[in-house]
Amino acid sequence: MVRKRTLQKIKEDIEVIYQKDPAAKNIWEIIFCYPGFQAVILYRFAHRLSELNVPFLPRYISYWARIFTGIEIHPSAKIGDRFFVDHGTGVVIGETAEIGDDVLIYQDVTLGGVGFEKGKRHPTVGNNVTIGAGAKLLGNIKIGDNVKIGAGAVVLENVPDNCTAVGVPARIIH
């Protein structure tokens, strides 16, 4: 059963790349030339080990995934289905980040914390969200469903559903 769910998730991850990236030509290109795909596959494996309380190995996989892909996803982060990191170099997703389904992130995005406090300290991103290149989402904030975050935005406060946030600091536009 786990194998079937895993294969189904990989299939969905490939299909979403075809849907969201017009440059995707074939499955071999996606498997071997898309660091976002590779990072998500390695994350899913590390995350599963993290859920099983396996020590050290999830972080070690995450470390090698970052070296190999340029994308750092903490194994304890929670990521939904059909997640796509396009041109992913420089993406950082922190330990307590939560990402919904059908989320698209571009290069150099950070879902980070702003302090040394314990507990939830990274963003929660809803479903069907697009986060533009270079955007920084910082702290324990909530990004609603169907939101677009503009390139280079610095988001420090919650963004409600069906909005667009742009600028430094980010402001809501419709």
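Visitor: In what order do the strands of the 6-strand open sheet run?
Guide: The order is E3-E6-E9-E12-E14-E15, and the pairing is mixed. Strands here are DSSP runs of E with at least two residues; helices are H or I runs of at least four, and both are numbered from the N terminus. Two strands pair if DSSP finds at least two bridges between them. This is a predicted model: local features need pLDDT of at least 70, side-chain atom pairs count only at pLDDT 80 or more, and totals for chains, interfaces and linings use all residues. Residues are numbered from 1 along each chain as its sequence is written, and side-chain values use heavy atoms, with hydrogens and water left out.

Visitor: Which strands stand at the edges there?
Guide: E3 and strand E15 (171–173). Each has a single partner strand, so one side of each lacks a neighbour in the sheet.

Visitor: And how do E12 and E14 run?
Guide: Parallel, with 2 bridges joining E12 (residues 148–149) to E14 (residues 164–166). Ile149 has Ala165 in E14 as its bridge partner.

Visitor: What about the sheet with 5 strands?
Guide: That one is open too, ordered E1-E4-E7-E10-E13, with parallel pairing.

Visitor: What joins E10 to E13?
Guide: 2 bridges, from a strand E10 that covers residues 136–138. Lys136 stands opposite Val154 in E13.

Visitor: Switching topic. How many cavities of 30 Å³ or more are there?
Guide: The structure holds 2. A cavity is a set of points, on a 1 Å grid over the protein atoms alone, where a 1.4 Å probe fits but cannot get out; lining residues have an atom within 4 Å of a point. Points are joined across faces, edges and corners, and the volume is the space filled by probe spheres set on them.

Visitor: What volume has the largest cavity?
Guide: About 60 Å³. Helix H3 (35–51), helix H4 (57–69) and E1 each supply at least two lining residues. The lining includes Leu42, Tyr43, Ile61, Arg66 and Glu72.

Methods: On a 1 Å grid over the protein atoms alone, a cavity is a set of points where a 1.4 Å probe fits but cannot get out, and a pocket is an open set with protein on both sides within 12 Å along at least five of seven lines; lining residues have an atom within 4 Å of a point.
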